[in-house]
Amino acid sequence: MTIKTRDFGEQSITEDKILNFPEGLYAFEEEHEFVMLSPLGEDVYPAWLQSVNNENLCFIVFDPEKIVTDYSVTVDPEALGIIKLDSGDKPHYLVLAVVPEEYKNTTVNLKSPIMINADKMLAVQAIAAEGYPIKFPIFKKEGE
């Protein structure tokens, strides 16, 4: 199928690449189908989480484990049930980024990760019990 995207024009995707969010994303609960796009290749970040049905709805996402090597979260067990994850299985995590005009001030939301069951292509956004920040800078400032 072909979808229209905000940043990449028309893109051909296969239905098996559609990530289903049964509950949507926070503030976008009506949007349930997204696809991951990356101009640099699969599993390369940053990537774009593009709505299948709304070309203007797109989020820049990162793998938090590439930013915080020991990233681990505790979430409500109900969230794991939404993505039908078996106990003991670890979800794949993504975090949403805010990329301002000065890209060196980009932050990611480590507090509300997206959890993905890649086998079932199901995802949910959850709130981590840990004290991770909502705005975590991904670039070090000079002198840090």
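**Exercise 1.** D63 is buried yet has no salt bridge; work out which side chain of opposite charge is nearest and how far away that side chain is.

*Solution.* Start with the terms: buried means under 20% relative accessible area, exposed over 50%, and partly exposed in between (1.4 Å probe, protein chains only). A salt bridge needs a side-chain nitrogen of Lys or Arg within 4 Å of a carboxyl oxygen of Asp or Glu. Lys and Arg count as positive, Asp and Glu as negative, while His and the chain ends are not counted. The nearest side chain of opposite charge is K66, 4.4 Å away. Next, the side chain of D63 reaches the backbone nitrogen of E65 at 2.9 Å.

A word on the model: it is predicted, so local features need pLDDT of at least 70 and side-chain atom pairs pLDDT 80 or more, whereas totals for chains, interfaces and linings use all residues. Residues are numbered from 1 along each chain as its sequence is written, and side-chain values use heavy atoms, without hydrogens and water.

**Exercise 2.** Find the partner of K90 in a salt bridge, and say how many residues separate the pair.

*Solution.* K90 meets E65, with 2.7 Å from N to O. The two are 25 residues apart and link distant parts of the chain. As for exposure, K90 is exposed at 56% relative accessible area, and E65 is partly exposed at 29%.

**Exercise 3.** How many salt bridges does the rule give in total?

*Solution.* The count is two. Besides K90 with E65, R6 pairs with D7, their closest N and O atoms being 2.9 Å apart. R6 is partly exposed at 39%, and D7 is partly exposed at 38%.

Conventions: Polar contact = N/O pair within 3.5 Å; in protein donor to acceptor, adjacent residues only side chain to side chain. Helix = DSSP H or I, 4+ residues; strand = E, 2+ residues; numbered from the N terminus.
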